[in-house]
Each structure stands twice: as C-alpha cells, then as structure tokens.
Amino acid sequence: MTTPSTPSDDPPLRETASRLWRFMKPHRWGLMLSVLAFVLVAATEPLIPKLLGYALGEGFNAKPATTSVIGLPGTAASAVSPASAAAPSMASINLDYSFPIWMVPIVLIGLFAIRGLFTFCGQYMLNWTISRTVMDIRTALLQVLLRADARVYTSLQPATAVTKVVNDPQHVVTLIAGSLVTILRDGLPALALMGYLFVLNWKLTLLSLITVPGLAFVVRKVNKRVRRMGTWAYDAQLRLVSVVEDVTRAWRVVRSFDAAGYETRRFGDRAREVQRSMLKTAASNAMAQPLSQLMASVGISIIVSLALYQSRVNGTGVGEFASFVAALLFMSSRLRHLSDVMQPITNALVVARGCIGLLDTPAEPDTGTRELSNVRGDIALKQVTLRYPGANRDALAALNLHIPAGKTTALVGSSGAGKSSVVNLLLGFERPDSGTILLDGVAIDELTKANLRRQFAVVSQDIVLFDTSVADNIAYGQERDDVKLEQALRAAALWDFAQSLPEGLDTMVGANGSKLSGGQRQRLAIARALYKDAPVWIFDEATSALDTESERAVQQALEQWQGRKTLIVIAHRLSTIRRADCIQVMADGQVVESGDHDELLARDGVYAGMVKVQH
Ligand SMILES: Nc1ncnc2c1ncn2[C@@H]1O[C@H](COP(=O)(O)OP(=O)(O)OP(=O)(O)O)[C@@H](O)[C@H]1O
Ligand SMILES: [Mg+2]
C-alpha cells in the first residue's frame with residue numbers, strides 16, 4: 001500500500017495554526033462574544049441536575065412522614081434507585097414542599113429559553129467570525145497570486161490555485177469553527193459539570209481523572225495518523241483536480257485524439273487514490289471516538305460503582321445521588337462529543353498548510369522607485385543574456401538591440417530565436433542574467449514595475465481573452481469610453497463585426513473568446529492594446545491568423561500613429577513587416593542582421609534567404 005509519509009520539510013502544523021490565527025485575530029471580538037454566549041449557556045448547564053436534585057431531595061426529605069428515603073420499606077438497593085424512590089413520593093404528594101410545583105415548568109422552560117437565545121447568539125457570532133476570516137484569507141491569497149513572480153506560473157496549475165484560494169479557506173475555517181463550537185458547546189458545560197461534581201463529591205470526581213493520560217495517549221496516536229493520511233488525501237485531491245482542468249481546457253484535443261478512454265483511466269487512477277486516502281483518513285478519524293469512549297467507560301464504571309457502594313455504606317441521600325449521577329451522565333455525553341474535536345482540527349490544519357503555504361510564494365521583485373512620464377519609447381538592450389531555469393542554453397546571448405522611439409521595428413527569425421524572450425524582458429516578466437535594458441536611457445530595473453508596464457501595450461503570441469463582453473475585453477482594467485472603443489475597434493478592423501453581434505459591444509465572448517474565430521480573437525486583442533494608448537506597442541505574431549485584407553487594414557490604421565508610437569512587430573510572415581523602419585533578424589538569441597527591407601535584400605544574407613523561401 002502506498003501511503004506517502006509527510007515530507008519532513010513541511011512546516012509543522014503548529015506554525016500553520018499560528019498563521020491561521022493571524023487571520024482570525026482581527027475578528028477576535030466576534031469570537032469572544034461567541035465564547036461569552038457559550039459560557040453563559042454552559043453556566044446554566046449544572047442548574048438542571050442541581051434543580052433536579054433539589055426537587056427530588058426536597059420531595060423526599062421535607063416530608064414529615066418520610067424522614068429518610070432509606071427508612072422506607074424495601075431493600076437497600078431499591079432505595080437508591082431513583083425510579084423506585086419516585087414511587088413512594090407519588091403516593092405522598094402533599095403541600096408541605098418548600099416551593100410550589102408550578103414553578104418547576106416555569107423555571108425549566110425559562111432556563112431552556114435563555115439557553116436557546118445564547119446558543120443562537122454564540123453560533124451567529126462564530127459564523128460571523130468564520131465568514132470574515134475566510135474572506136480575508138481568500139483576499140490575501142489572491143493578492144499573492146497577483147504579485148507572484150512570473151516563474152511561479154510555469155509550475156502552478158490554474159485549477160490548483162482555484163482550489164487553494166476558493167475552496168480550501170472555507171473548508172479549513174468551517175472545520176475549525178465546527179470544532180470550536182463543539183469545544184464551547186460541550187467542553188465548557190463539561191467543565192462546569194466537572195466543577196459541580198467536585199462540589200458534590202470531590203473524591204469520586206478526582207478518581208475519574210485517572211483516565212486522562214490514557215485518553216491523551218489515544219488522541220495523540222490517532223492524530224498522528226490523521227495528519228499523515230490527511231496530507232496524502234489532500235495531495236491526491238489536487239492531482240485529481242488537475243485532470244479535470246485538462247479535460248475541460250483541452251476538450252477539443254481530447255475529443256479529436258479520441259482520448260476519452262485515456263482520460264477516463266487517468267482520472268480513474270487518481271480518483272481511486274483519492275478514494276483510498278479519504279477512506280484511510282476517515283478510518284483514522286473514526287478510530288478516535290470508540291477508543292476514547294472505551295477509556296472513558298473505565299472511569300465512569302469506577303465512579304458509578306463507587307458511588308453506589310458509598311451510598312449503600314453511608315446511606316447517601318437519593319437527591320444527592322440522583323444529581324451526582326445525572327451530572328455524571330450529562331458530562332459523559334458531553335465528553336463523547338469532545339473526543340471528536342481533535343481530528344477535524346488536524347484535518348483542517350493539513351488543508352490549511354496547503355493553502356496558507358501559497359502565501360509563501362515568492363513575490364515579483366519590485367525594487368525600482370523611479371516613475372517615468374511622457375516616455376518616448378527609445379529602447380536599448382545592451383549585452384543582455386537570459387537563460388531560463390533548467391535550460392541548457394541561453395535564450396538570449398549577449399544581445400545588443402536598439403529600438404528607436406517613434407519608429408516601427410520588426411523582429412524576425414526562426415522559431416526559438418528569442419523574439420518573445422525580448423518581450424518578456426521588456427515587461428519585466430523575466431530578469432536578464434547579465435546586461436542592461438534601457439527605456440529612454442533609464443535602466444528598467446530602476447522603475448517600478450507598474451510604471452514600466454504602463455509604457456507597453458502588448459498583443460502576445462498566445463491570445464488571452466476574458467469571459468466578459470467585447471467592450472470589457474477591450475477596455476480591460478480601464479474606464480469604458482465609447483468613443484475610444486470605437487476608435488480601437490475600427491483600427492483593429494473589427495468595428496463592423498462588433499456591430500453585427502446580437503448585443504453589439506455587450507455581447508459575451510465566451511471562455512477565452514471561444515465564441516469568436518481565431519482572427520477575431522486576435523483583432524480583439526489588438527483593439528485592447530490600442531485602447532491602452534501606451535507609448536510602446538508590441539505585436540507578437542498579432543496578425544498571424546488574419547487574412548491579408550484584414551492585416552492590411554490593421555497596418556494602415558497603425559500608420560496613423562507613425563512617429564508618435566514606438567511599434568515593435570514580431571512576425572514570421574515577412575509581408576507583415578516589409579514596410580518596417582528597421583528589421584532586426586535574430587538567430588540563437590542574437591541579432592545577426594539589421595536594416596530595412598531593401599538594405600537586407602541587397603545584402604543577400606539570412607533575411608534575403610527567408611524572403612526567398614517564403615516566395
Ligand atoms: N519559460 C521558459 N522556460 C524555459 N525555456 C524557455 C521558456 N520560454 C522560452 N524558452 C526557450 O527560450 C528560447 C527562446 O524562446 P522564445 O519564446 O523567445 O522564442 P521565439 O523567438 O519567440 O520563438 P517563436 O517564433 O516560436 O515564438 C526557446 O529555445 C525556448 O525553448
Ligand atoms: Mg515567440
């Protein structure tokens with residue numbers, strides 16, 4: 001059986017608990033009010049056996065005819081039985097009681113009404129605390145994702161992130177709160193009852209404590225197993241989630257490669273692992289109650305036997321005995337619930353370790369302090385080298401590149417030459433291993449990341465659209481301005497299409513623009529970039545899916561901005577870039593040729609070769 005043990009480098013659950021507490025702390029007064037309410041509920045708990053004892057005791061002792069219960073006809077054993085003791089009392093009801101009978105229901109109902117009210121308040125305040133805490137944890141986790149270093153995203157599965165940000169906090173806090181309620185609802189009354197038992201008969205009560213070390217041992221052992229199984233189950237579940245993500249994200253590939261069977265098997269394997277780990281966790285959880293009850297039964301049987309013995313020998317009153325046994329039984333039923341408290345907390349901490357661990361995701365270094373305004377868009381890369389983690393060769397090798405302001409510069413070169421890597425560097429998604437990158441003569445690492453990125457509008461090679469309307473996709477993250485929207489749409493040759501949509505600009509585009517054609521998605525992304533109105537526009541294969549006519553229209557629109565915007569165009573289709581002011585030909589992370597179309601043709605080098613091949 002494969003039951004991976006918890007890696008030793010995992011942070012201990014105690015640390016996780018203290019981090020969780022940091023989120024709960026701001027809402028602690030809600031928690032305190034809740035505790036207060038539960039304390040008040042608990043405080044009324046011993047009143048019930050006390051009242052019972054009082055009523056019975058008064059009933060038996062206050063009657064002049066029956067001075068002592070023990071003195072009644074019958075055996076000693078029947079004398080101490082509350083049932084048989086009640087029988088003669090029925091026969092001898094008279095008005096000599098020191099309290100009127102009608103008070104019994106009034107007091108009892110009143111007591112339960114008060115308890116009900118406080119229980120409600122306690123639960124409400126507790127849930128108030130939970131929901132606030134969950135919201136805070138989720139917000140903190142989202143902030144982490146928004147600031148995470150770009151490299152984190154090469155290994156973080158979106159579905160895993162969703163699970164950790166959305167599901168886990170709720171699960172964790174609900175489990176913990178459930179346990180807290182149990183502790184408050186059952187633990188406090190148990191304590192109160194314990195106090196009452198001490199008052200009644202401290203010797204007997206003290207004896208009951210002999211079971212505590214045994215209980216502690218059982219709980220520790222069970223917890224350790226729950227922790228191990230829980231961690232396994234949690235990891236298995238994340239692996240299962242990622243299969244579901246693949247199946248939905250890549251549904252076309254799955255269908256067209258007839259891989260449903262393959263995915264079913266992959267899912268089945270992982271689902272079975274989840275099922276096994278869950279069952280093992282549940283079994284570990286379920287061990288706690290019977291084991292601790294067994295330990296508790298030892299204590300209870302000792303006490304009851306001794307109590308019976310004491311009452312026979314000393315002739316303890318029925319009232320006292322009844323109230324002692326009632327309190328003891330109340331307490332043991334409370335304790336039964338308490339034995340179920342540790343496992344949910346452990347389970348919760350295991351899950352919390354997973355999601356709170358996300359808080360340790362390294363943030364993108366943002367050490368720059370300068371902010372540029374009115375950027376012209378003059379870009380220079382000097383001796384820039386970049387090697388991705390785990391790669392065995394440089395993506396960019398001592399690259400020197402100048403992109404003049406207000407001009408159109410084209411980057412061409414074979415696949416893998418490093419063109420997109422230049423874009424990643426300019427936007428600060430990657431940091432060069434050596435060399436400097438200047439924007440208007442200022443090293444970009446002196447700028448704040450927000451300021452740096454404000455200078456670029458990018459249409460990336462892989463188009464990303466949001467599941468919102470056309471307009472919201474274009475005015476993404478900015479104020480909606482219908483005049484600007486129209487300009488951007490016209491420039492992207494998408495205006496007529498947008499007008500023909502059933503709800504115009506408010507038509508939803510589907511998940512990642514799935515309701516649009518490839519070319520329409522590209523043009524929507526272009527419109528989004530144009531709407532941003534940044535000094536530098538970067539089009540990375542942005543028109544590769546367009547027909548020649550649409551591409552021509554986009555190019556003509558862009559020409560209006562000539563001289564005012566710096567335009568970087570990356571394209572494999574050389575017709576796209578033949579009118580560029582300067583063409584930089586890249587190979588193996590370096591610029592091997594540069595010049596305009598005619599110059600490069602005349603040189604008859606790499607570029608001329610590429611043109612020939614394309615013709
Ligand atoms: N995140 C990454 N991790 C490791 N290697 C990477 C990563 N991104 C790119 N590379 C490698 O860096 C090199 C340059 O990639 P880049 O994306 O810059 O090429 P490109 O010129 O844009 O190619 P294409 O024309 O196919 O888009 C490639 O060899 C690629 O395998
Ligand atoms: Mg690329």
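Modeller: Of the 615 residues of the protein chain, 44% count as buried, where buried means under 20% relative accessible area, exposed over 50%, and partly exposed in between (1.4 Å probe, protein chains only). This is a predicted model, in which local features need pLDDT of at least 70 and side-chain atom pairs count only at pLDDT 80 or more, while totals for chains, interfaces and linings use all residues. Residues are numbered from 1 along each chain as its sequence is written, chains are lettered from A and ligands numbered from 1 in the order in which they are written, and side-chain values use heavy atoms, with hydrogens and water left out.

Now the site itself. Ser420 (OG) and Gln461 (OE1) coordinate the magnesium ion (ligand 2) at 1.9 to 2.3 Å. Donors are N, O and S atoms within 2.8 Å of the metal (3.2 Å for Na, K and Ca); water is not among the atoms, so sites may look incomplete. Ser420 belongs to helix 14 (residues 419-426), and Gln461 sits in the loop between strand 6 (456-459) and helix 16 (470-474), 41 residues apart. Helices (H or I, at least four residues) and strands (E, at least two) are DSSP runs, numbered from the N terminus. Ser420 is partly exposed, with a relative accessible area of 25%, and Gln461 is also partly exposed, at 44%.

As for the setting, the protein chain has 22 helices and 10 strands. Its C-alpha trace spans about 130 × 50 × 50 Å along the principal axes. Among contacts (heavy atoms within 4.5 Å) between residues at least 6 apart in sequence, 78% join residues at least 24 apart.
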